[in-house]
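Hi,

Here is the structure I said I would pass on. Have a look at it first, and then read my notes below.

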Amino acid sequence: MRSGTPGPSKVVAPKTRLAVGVVFIGTLIYSMATGDKPPSKEVPPSGGIQLEAPSIAERDNLSKRESGITPSSPMRLRMEAFIKENQQEIVRALEAVDGKRFQQDTWERPNGGGGITCVLQDGNVFEKAGVNVSVVYGSLPRAAISKMRANHKALDLDVESLEFFAAGLSLVLHPHNPMAPTVHFNYRYFETANTDGSTNAWWFGGGTDLTPSYLFDEDVIHFHRTIKEACDAHDKDYYSRFKRWCDEYFSVKHRSETRGVGGIFFDDLDESEKDQESLFAFVQTCLGSFLPSYLPLIERRKDMPFTDREKQWQQLRRGRYVEFNLVHDRGTAFGLNTPGARIESILMSLPLTARWQYQHEPEKGSREERLVNVLKKPVEWV
């Protein structure tokens, strides 16, 4: 890497912030997986009738009924509207590429929120594709609040629980053709609320990364250049910081290689980074850059000829993708260990098929070996 390239080390207390990410991902998946709030002890009223203040979910539903979602609405409602609009735009674009339609399932949570799961399986171009929106309202227990406060000083330690809101749009595409790359992104927003419904603390997270089975330098350069342009529109330091963070996070540590050829990854961006409107604009630009970054690649590679040997190599690389998701991805691990979890939703990101072959080594000087060499030592593509 270029000397002086800022990475996660430029972020205050990076290890602590990643631990906070575990809490966020775990709480979000717990709520999505079980449809309930995390366990908490309820203290009954001492006497008489006490009316509870409306939850933020109830407040938001009322606000949407009365006035819809406007530029002056709370950020959580604007983020929800934004990701739902982009989900449908991306689904339409991918259906135009594949020629088949996504199956769309809408689900709701009793305590507030819900989601839209869009899946295309055994398509003409995509072996498996998912574009999912999740919106979750719930309650953070005191232990989670204490851990999060290391990076979010607005959180109140003098309460037993805090209401929270989490919303995100996630995508994973696994093409049939081994010459076409797998791609992933996730963009999300999290906030906690005071008892009066006002925002207590908030932050954004997200990123995107590319995982090819066969390396076409021009494809990777285009993908990274498009992302860099999105980052540069908001902060000239963002791309180098978040590119390095991506390389470090999406690492199959037991194989000493990265999952793919990178992209960007960031988490816990709050008022200590920039103001809320600036960060929302950054996330909007990043998400908006996805189709321009990926559609040219899939159009270029989806109909290329390939051999059975090349297909088997793709299956081996997908095996590494599965290893990362099941061994190292913190959110997946938490979800799988949660009683009553919605397993189909948690494992939606996995490919339809994969392969593990004992002691497989790519041939010396082959295209397969070149890919592995890049994965063992990440490259600066732009």
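**What I found**

Start with Asp 122, which you will find in the loop that runs between strand E2 (113-121) and strand E3 (126-141). Keep in mind as you go that this is a predicted model. The phi angle of Asp 122 is near 55°, a positive value in a residue that isn't glycine. Its relative accessibility is 42%, so Asp 122 counts as partly exposed.

Gln 359 is another one to look up: its phi is near 50°, again positive in a residue other than glycine. You'll see Gln 359 in the loop between helix H11 (343-346) and helix H12 (367-376). With 62% relative accessibility, Gln 359 counts as exposed, because the cut-off for that is over 50%.

While you are looking at loops, go to Gly 68, which sits between helix H2 (56-67) and helix H3 (75-98). Its relative accessible area is 23%, so Gly 68 is partly exposed. If you leave aside the neighbours within four places in sequence, Gly 68 is in contact with Ser 63 and Ser 73.

**Cavities**

How many cavities of 30 Å³ or more does the structure hold? There are five of them. The residues that line it are His 174, Ala 180, Thr 182, Thr 211, Ser 213, Gln 314, Arg 317, Arg 318 and Tyr 321. Which element gives the most to that lining? That would be helix H9 (residues 308-328), with four residues. Sorted by class, the lining of the second largest cavity comes out as five polar, two nonpolar and two charged residues.

**Aromatic rings**

On to the rings, where the count comes to 24 aromatic pairs. One of them is formed by Tyr 238 and Phe 282, with 4.6 Å from centre to centre and 50° between the planes, which makes the pair tilted. This pair links distant parts of the chain, 44 residues apart: Tyr 238 belongs to helix H6 (residues 238-249) and Phe 282 to helix H7 (residues 276-288). Are these two residues buried or exposed? Both Tyr 238 and Phe 282 are buried.

Tyr 249 and Phe 324 make another pair. Why does it count as edge-to-face? The ring centres of Tyr 249 and Phe 324 are 5.9 Å apart and the planes are at 80°, and edge-to-face applies because that angle is over 60 degrees. Here too, distant parts of the chain are linked: Tyr 249 is in helix H6 and Phe 324 is in helix H9, 75 residues apart. Tyr 249 has 10% relative accessibility, so it counts as buried. Phe 324, at 1% relative accessibility, counts as buried as well.

**Charges over a ring**

Last, have a look at Phe 216. The charged end of Arg 301 sits over the ring of Phe 216, 3.7 Å from the ring's centre. The charged end of Arg 367 also sits over the Phe 216 ring, at 5.0 Å from the centre.

Cheers

Key: Residues are numbered from 1 along each chain as its sequence is written. This is a predicted model: local features need pLDDT of at least 70, side-chain atom pairs count only at pLDDT 80 or more; totals for chains, interfaces and linings use all residues. Side-chain values use heavy atoms; hydrogens and water are left out. Helices (H or I, at least four residues) and strands (E, at least two) are DSSP runs, numbered from the N terminus. Buried means under 20% relative accessible area, exposed over 50%, partly exposed in between (1.4 Å probe, protein chains only). On a 1 Å grid over the protein atoms alone, a cavity is a set of points where a 1.4 Å probe fits but cannot get out, and a pocket is an open set with protein on both sides within 12 Å along at least five of seven lines; lining residues have an atom within 4 Å of a point. Grid points are joined across faces, edges and corners, and a volume is the space filled by probe spheres set on the points. Ala, Val, Leu, Ile, Met, Phe, Trp, Tyr, Cys and Pro count as nonpolar, Asp, Glu, Lys and Arg as charged, and the others, Gly among them, as polar. Contact means heavy atoms within 4.5 Å. Rings of Phe, Tyr and Trp (its six-membered ring) pair if their centres lie within 6.5 Å; planes under 30 degrees apart count as stacked, over 60 as edge-to-face and the rest as tilted. A charge sits over a ring if NZ of Lys or CZ of Arg is within 6 Å of the ring centre and within 35 degrees of the ring normal.
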